[in-house]
Amino acid sequence: MKLVRYGQPGKEKPGLIDAAGKLRDLSGVVQDIGPAQLTDAVLARLLKLKTDKLPLVRGKPRLGCPVSGIGKFIAIGLNYSDHAKEAGMPIPKEPIVFTKAISCIQGPDDDVMLPKGSVKGDWEIELGVVIGKQARHVTQKAALDHVAGYCLSNDVSEREFQLERGGQWDKGKGCDTFGPLGPWLVTKDEIENPQRLAMWLDVNGQRMQTGNTRTMIFSVAKIVSHLSEYMTLMPGDVIITGTPPGVGLGMKPQRFLKAGDVMTLGIEGLGTQTQRVVPFKR
């Protein structure tokens, strides 16, 4: 299934995309698409719905983040060997973990706002993993049983904030609008192998990133298992899993985002996003 949340920010309704690509309203079936709806039992019930009987949503409403009530937004750094090389950093021996602020989460096509003082805004296409069942000290073999589904993410970053101002990476990763997720939450029954997904990102129509999740250093299963050793993963938590090469930081000369730029990105089976970059405003 492709589950969505549609409508104006803060007023999104639950929906799904049917086999014909049409948006159907789910508000008569579930209250939202959040932690309570990500259980195996609820997803199995939704899977049995006769989608052609659900109300059809007319027009093209805004799509919000496909999951509400996200408790943790966790990211994995340098998880593609060729990206580590272009960043001039050693290949990690275990996953590099940081967090993105919950307040940065937004819909897939909402504008991305450069923060005040930004000079090195950057892009990073990533596979997002949505937890559906509590995970605590789970084995790698069992890890995917705790996943509800997958989504597309753009790990927008401010490299000066991240790398040149000391401390942790987090402050260059959690600026407002830096966490576009969606358009859909694709349940795991539709993704046969999360390590075989093609991915790409364009800026102003120019291809910047081309990659495939098969080149991840640490697989989705490894990441979920590893994180569960250090924190309890809860339904609705989102993990983004690293980016392939082609970010602005790694270009020669380096290239960074400016107001008016347009980022377009997609992952096989998970849809596409488009964001216009806008200047800072209060």
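The questions and answers below concern a predicted model.

Visitor: How many disulfides does a search of the whole structure find?
Guide: A disulfide is a covalent bond between the sulfur atoms of two cysteines. Here the cut-off is 2.5 Å between the sulfur atoms. The search of the whole structure finds a count of zero.

Visitor: Which cysteine has the closest sulfur to that of Cys104?
Guide: Cys104 is buried, at 0% relative accessible area. Its closest cysteine sulfur is 8.4 Å away, too far for a bond. That sulfur belongs to Cys175.

Visitor: How far from Cys151 is the nearest cysteine sulfur?
Guide: Cys151 is in no disulfide. Cys151 is also buried, with a relative accessible area of 1%. The nearest cysteine sulfur is that of Cys65, at 6.9 Å.

Visitor: Is Asn212 buried or exposed?
Guide: Asn212 lies in strand β15, residues 206-212. The cut-off for buried is under 20% relative accessible area. Asn212 has 11% relative accessibility, so the residue counts as buried.

Visitor: Which residue's backbone nitrogen does the side chain of Asn212 reach?
Guide: Leaving out residues up to four places away in sequence, Asn212 touches Tyr80, Gln195, Arg196, Leu197, Ala198 and Met199. The side chain of Asn212 comes to 3.4 Å from one backbone nitrogen. That nitrogen is in Leu197.

Visitor: Why is strand β1 largely enclosed by the rest of the structure?
Guide: Strand β1 covers residues 2-6. The strand is largely enclosed because its buried residues number four of the five.

Visitor: What residue stands opposite Leu3 in β13?
Guide: β13 spans residues 185-187. Two bridges join β1 to β13, and the strands run antiparallel. Opposite Leu3 stands Leu185.

Visitor: Which residue in β2 stands opposite Arg5?
Guide: Strand β2 spans residues 13-17. β1 and β2 pair in the antiparallel sense, over five bridges. Opposite Arg5 is Pro14.

Visitor: Which residue takes a positive phi in the hairpin of β1 and β2?
Guide: This hairpin has six residues between the strands. The positive phi is near 125 degrees. The residue is Gly7.

Visitor: How far is Lys2 from the ring centre of Trp184?
Guide: Lys2 lies over the face of Trp184. The cut-off for a charge over a ring is within 6 Å of the ring centre. Lys2 is at 5.5 Å.

Definitions and conventions: Residues are numbered from 1 along each chain as its sequence is written. This is a predicted model: local features need pLDDT of at least 70, side-chain atom pairs count only at pLDDT 80 or more; totals for chains, interfaces and linings use all residues. Side-chain values use heavy atoms; hydrogens and water are left out. Buried means under 20% relative accessible area, exposed over 50%, partly exposed in between (1.4 Å probe, protein chains only). A polar contact is a pair of N or O atoms within 3.5 Å; within protein, one must be able to donate a hydrogen and the other to accept it, and residues adjacent in sequence count only if both atoms are side-chain atoms. Contact means heavy atoms within 4.5 Å. A charge sits over a ring if NZ of Lys or CZ of Arg is within 6 Å of the ring centre and within 35 degrees of the ring normal. Two strands pair if DSSP finds at least two bridges between them.
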